Amino acid sequence: MWTFLRSLLCFRPRGYDLLDQYPPPNLTDRLQCDEKRPSCTNCVNHSIECDFSVFTPTSPSPSPPAASSTRQRYRFRQSKYQTLTSSEPSEGNQNPGGSSVAVQCNLSANSSAAGGISFADLELFHHYLISTYRTLRDDAFDPCSVWSIHVPQWGISFPSILHLMLALSALHLGHQKPDLRHQYVMQANDHFTFGVRSVTTVLSQLNSENCQMIYMSAVMICLVYFGNGPRPGEYLVFSSQGKAEWLVLMRGVRSILASNHDEIFSGILEPQPDDSIQSVCPDLEGELRQHRERIDELKTLIEMQAVGSEKGLYLGAVGSLPGTFEEVYKMRSAGKVAISFLPMVIGWIYRLPEPFIVLLEEKDPFALVILAHWSILLTYMKSSWLFIGWDEHVIKGIRASLKSEFHDWISWPETAISMRT
């Protein structure tokens, strides 16, 4: 858990935009505390409960009531992205020297400080409620309405969830409105930064009461990472240099689940059976059979050529691929949307033993070839805006990391992916 905490504090996404046109400022710099009292400027501006807040007995203002660790005070101020104007601004709400107007609104019931919410953030919140949440769930099967009802409700009392909601909404709007992408990416960048900042303040207090909200925050951080699109040199589980960013996040989710698994997957997050998922339909059986045959061929090649203690790791990883493909094909047969495949597709990596993950990080050729066959599954997810381009990006990164003698080993994944481009 502490490793995840440190990694979040130091996490710096490289090339925040899909086209690397708008790289974000250094995250550490953006979180720099100026140690002003009673709260530092960054925390006040981004509605975060400041770690350096102090209340002295000589203060003329009464101290605010104590808040629990999971109900932090926050408020939205006038946004620098604001473009709406008003010919008759209300007194007290006008920005001197500017054309934007902020509506004064206190979103937190236990916040005693007056604050404002910008029109830009209202737009993001509204867009999430009417559109973005639909892209994060299967409309046909969400009995508890987690993304549409509970996540927004949690966001009111848990700042990290609200900031990450707005980050996802901004990225979604940037996808829908390419001409305004720069503006929305910058908004997403800001909300992501302070979403990460606020969740790290409660990670050390993980318990049965807040574990579901912390878990959803970690999941949303991963989704924001996908939503920003592929970055040069980053290929999910390996990188051209250093540790893979997304792998650090996935390990964080794993550490949270390891400590509170039963409490997290209870109540509204308890997995529900889906009777619509039965078997692979006849139209897809031939396609699935081809994948199985190619995976069997890969397994035979590994048995013949791999040596040493790693051989068992290779065979275990490749042996689990057919089952994952079958699960995805059953869901495709049931007409499920792309986001529904995420637990199965990412679950394969999640369940890999740590020694095999290390082999991927070290760009071991046999491990990369196995990963190339897994990357075919990403092609079935790119109908979701979150996963556009990831299949091609990962397979190209694998090819670039392999010696030419192994290029024939990934010809099937390359063909399967290119056919769906």
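Helix 13 (residues 342–350) and helix 15 (residues 365–374) pack at an angle of about 170 degrees. Their axes lie 11 Å apart. The model is a predicted one: local features need pLDDT of at least 70, side-chain atom pairs count only at pLDDT 80 or more, and totals for chains, interfaces and linings use all residues. Residues are numbered from 1 along each chain as its sequence is written, and side-chain values use heavy atoms, with hydrogens and water left out.

Two packed helices are described by the angle between their axes and the distance between the axes. Axes are lines fitted to C-alpha atoms, for helices over the stretch in contact, and angles run from 0 to 180 degrees between N-to-C directions. Helix 13 and helix 15 are therefore roughly antiparallel to each other (angles over 145 degrees count as roughly antiparallel, under 35 as roughly parallel, 65 to 115 as roughly perpendicular and the rest as oblique). Helix 13 brings Val345, Ile346, Trp348 and Ile349 to the contact (heavy atoms within 4.5 Å). Helix 15 supplies Ile370, Leu371 and Trp374. By class, this contact has 7 nonpolar, no polar and no charged residues. Ala, Val, Leu, Ile, Met, Phe, Trp, Tyr, Cys and Pro count as nonpolar, Asp, Glu, Lys and Arg as charged, and the others, Gly among them, as polar.

Helix 15 also packs with helix 16 (residues 390–401). Here the angle is about 160 degrees and the axes are 10 Å apart. Helix 15 is therefore roughly antiparallel to helix 16. Leu368, Leu371 and Ala372 in helix 15 meet Ile395, Ile398 and Ser401 in helix 16. The contact has 5 nonpolar, 1 polar and no charged residues. Leu371 of helix 15 takes part in the contact with helix 13 and in that with helix 16.

Elsewhere, Val224 lies in helix 8 (residues 211–227). At 1% relative accessibility, Val224 counts as buried (under 20% relative accessible area; exposed is over 50%, partly exposed in between, with a 1.4 Å probe and protein chains only). The C-alpha atoms of Val224 and Leu168 are separated by 5.9 Å. These two residues are 56 residues apart along the chain.

The chain as a whole has 17 helices and 2 strands. Helices (H or I, at least four residues) and strands (E, at least two) are DSSP runs, numbered from the N terminus. Of the 421 residues, 51% are buried. Among contacts between residues at least 6 apart in sequence, 73% join residues at least 24 apart.
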